[in-house]
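Dear colleague,

Here is the structure I said I would pass on. My notes on its aromatic side chains follow below.

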Amino acid sequence: PELSICAPFILTRVQQMMDFSRPQLNKYAFGCKFQLRDSDKEMTPAARKVVKELWQVFNRFEPFHQTMQKWANDSWPYDLAVGEVVYEKGNRPYAFRALDASTMRRARPKMVTDKHGGREGAFDGSSTPRFVSDGYVQLVGDRIQRTWDKEEILWFVRRQRSSIYTFGYGYPEIQQSYDALVAYLNADNYNQYYFRNGMHASAILQVRSKMGKQAFNAFKMVLTAQLKGIENAHRMAMVLLDPGGTEAAKESIEKVDLAKSNREMEFSKLILMKIMIIAANFNMSPKEAGLPEYSEGGSRMGNENPKEQIELSRKFGLMPALMAFEDVLNHGIVYKYDEDFEFRFVYDDETEAQRLDLAGKAIQQGVDSINGQRLEMDKQVIDRDFLKSLGLKTLSDETIDGLVLSYNLPFTPTLMQAIGQLTPQPADDGMGGPGGPGGPAGP
(Lines give C-alpha, C1' and ligand atoms only; values in the text may rest on other atoms or scores of the structure.)
Protein backbone atom coordinates (compact mmCIF):
# COMPACT_ATOMS: atom_id res chain seq x y z
CA PRO A 1 0.00 0.00 0.00
CA GLU A 2 1.08 3.57 -0.62
CA LEU A 3 2.20 5.57 2.41
CA SER A 4 0.68 9.02 2.70
CA ILE A 5 3.71 10.36 4.61
CA CYS A 6 5.96 9.52 1.61
CA ALA A 7 3.53 10.90 -0.98
CA PRO A 8 4.53 14.60 -0.57
CA PHE A 9 8.20 13.77 -1.18
CA ILE A 10 7.47 11.53 -4.15
CA LEU A 11 4.94 13.89 -5.77
CA THR A 12 7.32 16.84 -5.36
CA ARG A 13 10.14 15.01 -7.15
CA VAL A 14 7.78 13.75 -9.86
CA GLN A 15 6.55 17.27 -10.61
CA GLN A 16 10.10 18.61 -10.64
CA MET A 17 11.27 15.95 -13.08
CA MET A 18 8.35 16.77 -15.36
CA ASP A 19 9.33 20.44 -15.30
CA PHE A 20 12.91 19.59 -16.25
CA SER A 21 11.71 17.35 -19.10
CA ARG A 22 10.55 20.23 -21.27
CA PRO A 23 12.91 21.92 -23.79
CA GLN A 24 14.93 24.77 -22.32
CA LEU A 25 13.34 28.05 -23.41
CA ASN A 26 16.34 30.31 -22.80
CA LYS A 27 19.79 30.30 -21.26
CA TYR A 28 18.47 31.11 -17.79
CA ALA A 29 15.57 28.65 -17.70
CA PHE A 30 15.76 25.08 -16.46
CA GLY A 31 14.74 22.25 -18.78
CA CYS A 32 16.53 19.83 -21.08
CA LYS A 33 18.44 20.09 -24.34
CA PHE A 34 20.66 18.28 -26.83
CA GLN A 35 24.15 19.55 -27.38
CA LEU A 36 27.42 18.56 -29.03
CA ARG A 37 29.67 16.46 -26.82
CA ASP A 38 32.66 18.48 -28.01
CA SER A 39 32.05 21.97 -26.66
CA ASP A 40 34.62 23.43 -29.08
CA LYS A 41 32.53 22.52 -32.11
CA GLU A 42 29.89 24.87 -33.48
CA MET A 43 26.26 23.96 -34.02
CA THR A 44 26.00 23.77 -37.82
CA PRO A 45 22.74 23.47 -39.82
CA ALA A 46 23.44 19.73 -40.18
CA ALA A 47 23.87 19.43 -36.40
CA ARG A 48 20.59 21.29 -35.80
CA LYS A 49 18.89 18.79 -38.10
CA VAL A 50 20.17 15.91 -35.96
CA VAL A 51 18.91 17.68 -32.82
CA LYS A 52 15.47 17.99 -34.42
CA GLU A 53 15.49 14.27 -35.25
CA LEU A 54 16.47 13.41 -31.66
CA TRP A 55 13.54 15.43 -30.33
CA GLN A 56 11.29 13.39 -32.61
CA VAL A 57 12.73 10.17 -31.16
CA PHE A 58 12.09 11.42 -27.60
CA ASN A 59 8.48 12.42 -28.38
CA ARG A 60 7.51 9.73 -30.90
CA PHE A 61 5.04 7.71 -28.81
CA GLU A 62 4.05 10.43 -26.33
CA PRO A 63 5.43 13.76 -25.05
CA PHE A 64 8.74 13.25 -23.28
CA HIS A 65 7.55 14.94 -20.07
CA GLN A 66 4.74 12.38 -19.78
CA THR A 67 7.22 9.53 -20.17
CA MET A 68 9.39 11.12 -17.47
CA GLN A 69 6.34 11.40 -15.22
CA LYS A 70 5.79 7.64 -15.49
CA TRP A 71 9.46 6.90 -14.89
CA ALA A 72 9.59 9.22 -11.87
CA ASN A 73 6.46 7.64 -10.35
CA ASP A 74 8.24 4.27 -10.56
CA SER A 75 11.74 5.43 -9.68
CA TRP A 76 11.05 7.03 -6.33
CA PRO A 77 9.05 4.17 -4.74
CA TYR A 78 11.13 1.33 -6.28
CA ASP A 79 14.42 3.02 -7.29
CA LEU A 80 13.79 1.46 -10.68
CA ALA A 81 12.35 2.78 -13.92
CA VAL A 82 12.22 0.83 -17.16
CA GLY A 83 11.82 1.81 -20.79
CA GLU A 84 11.51 -0.17 -24.02
CA VAL A 85 13.49 0.94 -27.08
CA VAL A 86 12.15 0.43 -30.59
CA TYR A 87 14.73 0.36 -33.39
CA GLU A 88 14.46 1.24 -37.07
CA LYS A 89 16.45 -0.16 -39.96
CA GLY A 90 20.13 0.29 -39.40
CA ASN A 91 19.79 -0.38 -35.64
CA ARG A 92 19.15 3.28 -34.83
CA PRO A 93 16.68 4.06 -32.03
CA TYR A 94 13.31 5.05 -33.44
CA ALA A 95 11.29 5.61 -30.24
CA PHE A 96 10.92 4.47 -26.63
CA ARG A 97 8.18 4.11 -24.05
CA ALA A 98 7.85 3.50 -20.32
CA LEU A 99 7.19 0.02 -18.89
CA ASP A 100 5.73 -0.99 -15.52
CA ALA A 101 8.81 -1.25 -13.30
CA SER A 102 6.97 -3.29 -10.66
CA THR A 103 6.62 -6.18 -13.14
CA MET A 104 10.11 -6.05 -14.69
CA ARG A 105 12.85 -8.47 -13.65
CA ARG A 106 16.31 -9.32 -14.83
CA ALA A 107 16.41 -12.64 -16.69
CA ARG A 108 17.93 -15.65 -14.99
CA PRO A 109 21.66 -15.90 -15.82
CA LYS A 110 22.62 -18.52 -18.38
CA MET A 111 25.81 -20.54 -18.51
CA VAL A 112 27.89 -19.51 -21.52
CA THR A 113 30.44 -21.98 -22.80
CA ASP A 114 31.35 -20.62 -26.23
CA LYS A 115 34.59 -18.75 -26.80
CA HIS A 116 33.14 -15.26 -27.09
CA GLY A 117 30.43 -15.59 -24.48
CA GLY A 118 27.66 -14.04 -26.56
CA ARG A 119 27.20 -10.28 -26.64
CA GLU A 120 28.81 -9.68 -23.28
CA GLY A 121 32.15 -11.25 -24.12
CA ALA A 122 31.99 -13.51 -21.09
CA PHE A 123 35.48 -14.91 -21.62
CA ASP A 124 38.93 -13.44 -21.40
CA GLY A 125 40.40 -16.17 -23.60
CA SER A 126 39.99 -19.02 -21.11
CA SER A 127 37.62 -21.94 -21.48
CA THR A 128 36.01 -21.66 -18.04
CA PRO A 129 32.19 -21.32 -18.32
CA ARG A 130 30.55 -18.26 -16.78
CA PHE A 131 27.00 -17.14 -16.05
CA VAL A 132 25.79 -14.20 -18.14
CA SER A 133 22.47 -12.34 -17.96
CA ASP A 134 21.79 -10.10 -20.94
CA GLY A 135 17.99 -10.02 -20.93
CA TYR A 136 14.89 -8.91 -19.06
CA VAL A 137 11.44 -10.40 -18.48
CA GLN A 138 8.02 -9.11 -17.48
CA LEU A 139 6.53 -11.12 -14.64
CA VAL A 140 2.77 -10.83 -14.07
CA GLY A 141 1.04 -13.22 -11.69
CA ASP A 142 4.09 -15.54 -11.42
CA ARG A 143 4.10 -15.98 -15.18
CA ILE A 144 6.55 -14.53 -17.70
CA GLN A 145 4.58 -12.48 -20.19
CA ARG A 146 7.39 -11.20 -22.40
CA THR A 147 11.17 -11.14 -22.75
CA TRP A 148 13.62 -8.51 -24.05
CA ASP A 149 17.29 -8.43 -24.99
CA LYS A 150 19.59 -6.06 -23.12
CA GLU A 151 19.76 -3.58 -26.01
CA GLU A 152 15.96 -3.22 -26.02
CA ILE A 153 15.63 -2.03 -22.42
CA LEU A 154 16.46 1.20 -20.60
CA TRP A 155 17.18 0.26 -16.98
CA PHE A 156 17.21 3.30 -14.65
CA VAL A 157 18.64 2.79 -11.16
CA ARG A 158 19.40 6.03 -9.31
CA ARG A 159 21.17 4.60 -6.25
CA GLN A 160 23.71 2.13 -7.60
CA ARG A 161 25.39 -0.35 -5.26
CA SER A 162 28.22 -2.83 -5.67
CA SER A 163 26.64 -5.50 -3.42
CA ILE A 164 26.43 -8.88 -5.15
CA TYR A 165 23.11 -9.49 -3.36
CA THR A 166 21.26 -6.63 -5.09
CA PHE A 167 21.32 -8.36 -8.53
CA GLY A 168 21.32 -5.02 -10.34
CA TYR A 169 18.30 -3.58 -8.52
CA GLY A 170 18.15 -0.31 -6.60
CA TYR A 171 17.79 0.68 -2.97
CA PRO A 172 14.60 2.77 -2.63
CA GLU A 173 14.33 5.50 -0.03
CA ILE A 174 11.22 3.86 1.44
CA GLN A 175 13.23 0.75 2.26
CA GLN A 176 16.01 2.78 3.84
CA SER A 177 13.44 4.71 5.92
CA TYR A 178 11.70 1.53 7.14
CA ASP A 179 12.32 1.98 10.88
CA ALA A 180 11.33 5.67 10.82
CA LEU A 181 8.20 4.86 8.81
CA VAL A 182 7.17 2.09 11.22
CA ALA A 183 7.68 4.40 14.20
CA TYR A 184 5.67 7.16 12.52
CA LEU A 185 2.83 4.77 11.58
CA ASN A 186 2.69 3.32 15.09
CA ALA A 187 2.48 6.79 16.62
CA ASP A 188 -0.13 7.85 14.08
CA ASN A 189 -2.21 4.70 14.63
CA TYR A 190 -2.08 5.24 18.39
CA ASN A 191 -3.46 8.72 17.95
CA GLN A 192 -6.12 7.61 15.46
CA TYR A 193 -7.42 4.90 17.82
CA TYR A 194 -7.92 7.54 20.49
CA PHE A 195 -10.11 9.67 18.21
CA ARG A 196 -11.86 6.66 16.74
CA ASN A 197 -12.89 5.16 20.05
CA GLY A 198 -13.08 8.19 22.31
CA MET A 199 -11.56 6.04 25.08
CA HIS A 200 -8.28 4.22 25.44
CA ALA A 201 -6.35 2.45 28.16
CA SER A 202 -5.19 5.61 29.84
CA ALA A 203 -7.02 4.85 33.10
CA ILE A 204 -8.81 2.19 35.10
CA LEU A 205 -12.34 2.76 36.44
CA GLN A 206 -12.47 1.18 39.87
CA VAL A 207 -16.16 0.47 40.61
CA ARG A 208 -17.21 -0.27 44.16
CA SER A 209 -20.78 -1.54 44.08
CA LYS A 210 -23.13 -4.26 45.25
CA MET A 211 -24.12 -5.01 41.63
CA GLY A 212 -24.11 -8.58 40.54
CA LYS A 213 -22.17 -9.80 37.52
CA GLN A 214 -25.11 -9.46 35.12
CA ALA A 215 -25.94 -5.95 36.30
CA PHE A 216 -22.28 -4.92 36.11
CA ASN A 217 -21.98 -6.16 32.51
CA ALA A 218 -25.09 -4.16 31.59
CA PHE A 219 -23.64 -1.10 33.32
CA LYS A 220 -20.34 -1.54 31.42
CA MET A 221 -22.11 -1.81 28.07
CA VAL A 222 -24.17 1.33 28.68
CA LEU A 223 -21.13 3.33 29.81
CA THR A 224 -19.07 2.24 26.83
CA ALA A 225 -21.90 3.06 24.40
CA GLN A 226 -22.20 6.54 25.90
CA LEU A 227 -18.51 7.37 25.35
CA LYS A 228 -17.43 5.33 22.33
CA GLY A 229 -16.99 6.95 18.92
CA ILE A 230 -16.17 10.41 17.63
CA GLU A 231 -19.80 11.55 17.83
CA ASN A 232 -19.80 10.87 21.59
CA ALA A 233 -16.54 12.66 22.35
CA HIS A 234 -16.58 14.84 25.50
CA ARG A 235 -20.05 13.59 26.55
CA MET A 236 -20.71 13.23 30.25
CA ALA A 237 -21.56 9.80 31.57
CA MET A 238 -24.19 9.71 34.34
CA VAL A 239 -24.43 6.85 36.83
CA LEU A 240 -26.90 6.32 39.68
CA LEU A 241 -25.19 4.79 42.71
CA ASP A 242 -26.44 3.75 46.15
CA PRO A 243 -25.13 6.22 48.76
CA GLY A 244 -25.37 3.54 51.45
CA GLY A 245 -25.66 4.02 55.16
CA THR A 246 -22.09 3.63 56.29
CA GLU A 247 -18.81 4.65 54.69
CA ALA A 248 -17.99 1.05 53.87
CA ALA A 249 -21.42 0.51 52.24
CA LYS A 250 -21.20 3.49 49.87
CA GLU A 251 -20.98 2.73 46.17
CA SER A 252 -18.39 4.77 44.21
CA ILE A 253 -16.40 4.98 40.99
CA GLU A 254 -12.77 6.00 41.13
CA LYS A 255 -10.30 6.65 38.31
CA VAL A 256 -6.76 5.29 38.45
CA ASP A 257 -4.70 7.36 35.95
CA LEU A 258 -2.22 5.39 33.86
CA ALA A 259 -1.34 7.93 31.16
CA LYS A 260 1.02 10.85 31.06
CA SER A 261 0.22 14.18 29.49
CA ASN A 262 0.91 14.87 25.82
CA ARG A 263 3.54 17.38 26.87
CA GLU A 264 5.43 14.72 28.80
CA MET A 265 5.22 12.30 25.88
CA GLU A 266 6.38 15.05 23.43
CA PHE A 267 4.08 13.46 20.88
CA SER A 268 4.24 16.25 18.28
CA LYS A 269 8.03 16.44 18.48
CA LEU A 270 8.26 12.70 17.92
CA ILE A 271 6.14 13.00 14.78
CA LEU A 272 8.19 15.91 13.41
CA MET A 273 11.45 14.14 14.16
CA LYS A 274 10.35 11.06 12.21
CA ILE A 275 9.28 13.30 9.30
CA MET A 276 12.76 14.85 9.32
CA ILE A 277 14.41 11.41 9.22
CA ILE A 278 12.19 10.29 6.34
CA ALA A 279 12.89 13.54 4.47
CA ALA A 280 16.64 13.12 5.00
CA ASN A 281 16.48 9.65 3.45
CA PHE A 282 14.78 11.24 0.44
CA ASN A 283 17.60 13.83 0.46
CA MET A 284 15.01 16.58 0.73
CA SER A 285 14.05 19.36 3.11
CA PRO A 286 10.51 18.93 4.49
CA LYS A 287 9.78 22.53 3.50
CA GLU A 288 10.36 21.63 -0.15
CA ALA A 289 7.43 19.20 0.11
CA GLY A 290 5.30 21.67 2.09
CA LEU A 291 5.73 19.91 5.45
CA PRO A 292 6.84 21.32 8.83
CA GLU A 293 10.30 20.51 10.12
CA TYR A 294 11.75 19.80 13.53
CA SER A 295 14.20 22.64 14.18
CA GLU A 296 15.13 22.16 17.85
CA GLY A 297 18.44 20.58 18.75
CA GLY A 298 19.86 20.30 15.23
CA SER A 299 21.29 22.32 12.36
CA ARG A 300 19.19 23.15 9.36
CA MET A 301 20.21 22.71 5.78
CA GLY A 302 21.84 25.95 4.69
CA ASN A 303 20.70 28.96 6.70
CA GLU A 304 17.41 30.25 8.04
CA ASN A 305 16.17 31.51 4.66
CA PRO A 306 13.41 29.07 3.55
CA LYS A 307 13.95 29.89 -0.13
CA GLU A 308 17.63 29.04 0.06
CA GLN A 309 16.81 25.88 2.01
CA ILE A 310 14.53 24.75 -0.79
CA GLU A 311 17.12 25.62 -3.46
CA LEU A 312 19.80 23.61 -1.65
CA SER A 313 17.40 20.72 -1.16
CA ARG A 314 16.58 20.69 -4.85
CA LYS A 315 20.22 20.97 -5.87
CA PHE A 316 21.51 18.11 -3.70
CA GLY A 317 18.44 15.87 -3.97
CA LEU A 318 17.05 16.33 -7.47
CA MET A 319 20.16 16.86 -9.60
CA PRO A 320 21.81 13.47 -8.83
CA ALA A 321 18.58 11.78 -9.94
CA LEU A 322 18.49 13.78 -13.18
CA MET A 323 22.14 12.87 -13.83
CA ALA A 324 21.31 9.18 -13.44
CA PHE A 325 18.56 9.49 -16.04
CA GLU A 326 20.90 11.44 -18.32
CA ASP A 327 23.47 8.64 -18.35
CA VAL A 328 20.97 5.92 -19.27
CA LEU A 329 19.28 8.04 -21.98
CA ASN A 330 22.64 8.96 -23.50
CA HIS A 331 24.03 5.42 -23.59
CA GLY A 332 20.74 3.80 -24.52
CA ILE A 333 19.40 6.30 -27.07
CA VAL A 334 21.49 9.33 -28.01
CA TYR A 335 24.94 7.79 -28.51
CA LYS A 336 23.42 5.00 -30.59
CA TYR A 337 21.67 7.55 -32.78
CA ASP A 338 24.64 9.89 -33.17
CA GLU A 339 27.68 9.63 -30.92
CA ASP A 340 28.58 13.31 -31.44
CA PHE A 341 25.58 14.47 -29.38
CA GLU A 342 24.46 14.20 -25.78
CA PHE A 343 21.30 14.86 -23.77
CA ARG A 344 21.43 17.15 -20.74
CA PHE A 345 19.07 18.39 -18.05
CA VAL A 346 19.86 22.05 -17.46
CA TYR A 347 19.77 23.53 -13.98
CA ASP A 348 21.04 27.02 -13.15
CA ASP A 349 21.06 28.52 -9.67
CA GLU A 350 21.04 32.08 -11.00
CA THR A 351 17.92 33.74 -12.35
CA GLU A 352 17.93 36.18 -15.26
CA ALA A 353 17.53 39.11 -12.86
CA GLN A 354 20.60 37.97 -10.92
CA ARG A 355 22.59 37.64 -14.14
CA LEU A 356 21.60 41.14 -15.21
CA ASP A 357 22.67 42.50 -11.82
CA LEU A 358 26.07 40.77 -12.10
CA ALA A 359 26.49 42.02 -15.68
CA GLY A 360 25.79 45.60 -14.55
CA LYS A 361 28.38 45.34 -11.79
CA ALA A 362 30.95 43.89 -14.21
CA ILE A 363 30.45 46.82 -16.56
CA GLN A 364 30.48 49.47 -13.82
CA GLN A 365 33.67 48.12 -12.27
CA GLY A 366 35.45 47.86 -15.62
CA VAL A 367 35.70 44.05 -15.55
CA ASP A 368 34.04 43.62 -18.95
CA SER A 369 32.56 45.65 -21.77
CA ILE A 370 28.90 46.05 -22.64
CA ASN A 371 29.28 43.94 -25.78
CA GLY A 372 31.21 41.32 -23.81
CA GLN A 373 28.30 40.89 -21.42
CA ARG A 374 25.81 40.90 -24.28
CA LEU A 375 27.69 37.99 -25.85
CA GLU A 376 27.55 36.13 -22.54
CA MET A 377 23.78 36.63 -22.51
CA ASP A 378 23.33 35.56 -26.16
CA LYS A 379 22.31 39.07 -27.18
CA GLN A 380 23.21 40.88 -30.39
CA VAL A 381 26.36 42.99 -30.07
CA ILE A 382 26.12 46.75 -30.69
CA ASP A 383 28.01 47.51 -33.93
CA ARG A 384 27.69 49.97 -36.83
CA ASP A 385 24.81 48.06 -38.46
CA PHE A 386 22.95 47.80 -35.15
CA LEU A 387 23.21 51.55 -34.52
CA LYS A 388 22.11 52.42 -38.06
CA SER A 389 19.13 50.08 -37.69
CA LEU A 390 18.01 52.28 -34.79
CA GLY A 391 17.68 55.29 -37.10
CA LEU A 392 21.05 56.84 -36.31
CA LYS A 393 22.10 57.16 -39.96
CA THR A 394 22.49 60.94 -39.62
CA LEU A 395 25.47 60.53 -37.31
CA SER A 396 28.91 60.85 -38.79
CA ASP A 397 31.16 57.82 -39.20
CA GLU A 398 33.51 59.18 -36.53
CA THR A 399 30.68 59.47 -34.01
CA ILE A 400 29.42 55.95 -34.77
CA ASP A 401 32.95 54.56 -34.46
CA GLY A 402 33.27 56.27 -31.09
CA LEU A 403 30.01 54.74 -29.88
CA VAL A 404 30.99 51.26 -31.07
CA LEU A 405 34.34 51.64 -29.34
CA SER A 406 32.61 52.59 -26.09
CA TYR A 407 30.55 49.35 -26.20
CA ASN A 408 33.62 47.17 -26.88
CA LEU A 409 35.98 48.47 -24.18
CA PRO A 410 35.75 47.98 -20.41
CA PHE A 411 35.52 51.55 -19.17
CA THR A 412 37.68 52.06 -16.14
CA PRO A 413 38.08 55.68 -14.96
CA THR A 414 41.71 55.74 -16.20
CA LEU A 415 40.72 54.50 -19.65
CA MET A 416 37.87 57.01 -19.91
CA GLN A 417 40.29 59.84 -19.08
CA ALA A 418 42.76 58.63 -21.70
CA ILE A 419 40.08 58.40 -24.39
CA GLY A 420 38.91 61.91 -23.53
CA GLN A 421 42.43 63.22 -24.08
CA LEU A 422 42.90 61.38 -27.36
CA THR A 423 39.50 62.21 -28.88
CA PRO A 424 39.74 65.25 -31.22
CA GLN A 425 37.49 68.14 -30.21
CA PRO A 426 35.16 69.77 -32.82
CA ALA A 427 36.38 73.13 -34.17
CA ASP A 428 34.49 76.34 -33.37
CA ASP A 429 32.10 77.06 -36.27
CA GLY A 430 31.32 80.61 -35.13
CA MET A 431 27.73 79.67 -34.28
CA GLY A 432 28.17 80.21 -30.57
CA GLY A 433 28.27 77.74 -27.75
CA PRO A 434 31.22 76.58 -25.72
CA GLY A 435 34.52 76.19 -27.48
CA GLY A 436 37.02 73.41 -27.20
CA PRO A 437 39.47 72.99 -24.32
CA GLY A 438 41.47 76.22 -24.07
CA GLY A 439 39.45 77.88 -26.88
CA PRO A 440 37.30 80.96 -26.70
CA ALA A 441 33.79 80.67 -25.41
CA GLY A 442 30.94 81.48 -27.75
CA PRO A 443 28.91 84.57 -27.50
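Phe-34 counts as buried because its relative accessibility is 6%, under the 20% cut-off. Keep in mind that this is a predicted model.

The structure holds 17 aromatic pairs. In one of them, the ring centres of Phe-34 and Trp-55 are 4.8 Å apart and the planes stand at 80°, so the pair is edge-to-face; the cut-off for that label is over 60 degrees. Phe-34 belongs to strand β1 (residues 31–36) and Trp-55 to helix α2 (residues 45–58), so this contact ties together parts that are 21 residues apart in sequence. Trp-55, at 21% relative accessibility, counts as partly exposed.

A second pair is formed by Phe-64 and Phe-96. Their ring centres lie 6.4 Å apart with the planes at 90°, so this pair is edge-to-face as well. The pair links distant parts of the chain, 32 residues apart: Phe-64 is in helix α3 (residues 64–78) and Phe-96 in strand β3 (residues 92–99). Phe-64 is buried, with a relative accessible area of 1%, and Phe-96 is buried at 2%.

The charged end of Arg-60 sits over the ring of Tyr-94, 4.1 Å from the ring centre. For Arg-158, the charged end sits over the ring of Trp-76, at 3.8 Å from its centre.

Regards

Notes:
Residues numbered from 1 in each chain as written. Predicted model: local features only at pLDDT ≥ 70, side-chain atom pairs only at ≥ 80, totals over all residues. Heavy atoms only, no water. Phe/Tyr/Trp six-rings, centres within 6.5 Å; stacked < 30°, edge-to-face > 60°. Helix = DSSP H or I, 4+ residues; strand = E, 2+ residues; numbered from the N terminus. Buried < 20%, exposed > 50% of the residue type's maximum accessible area, 1.4 Å probe, protein only. Lys NZ or Arg CZ within 6 Å of the ring centre and 35° of its normal.
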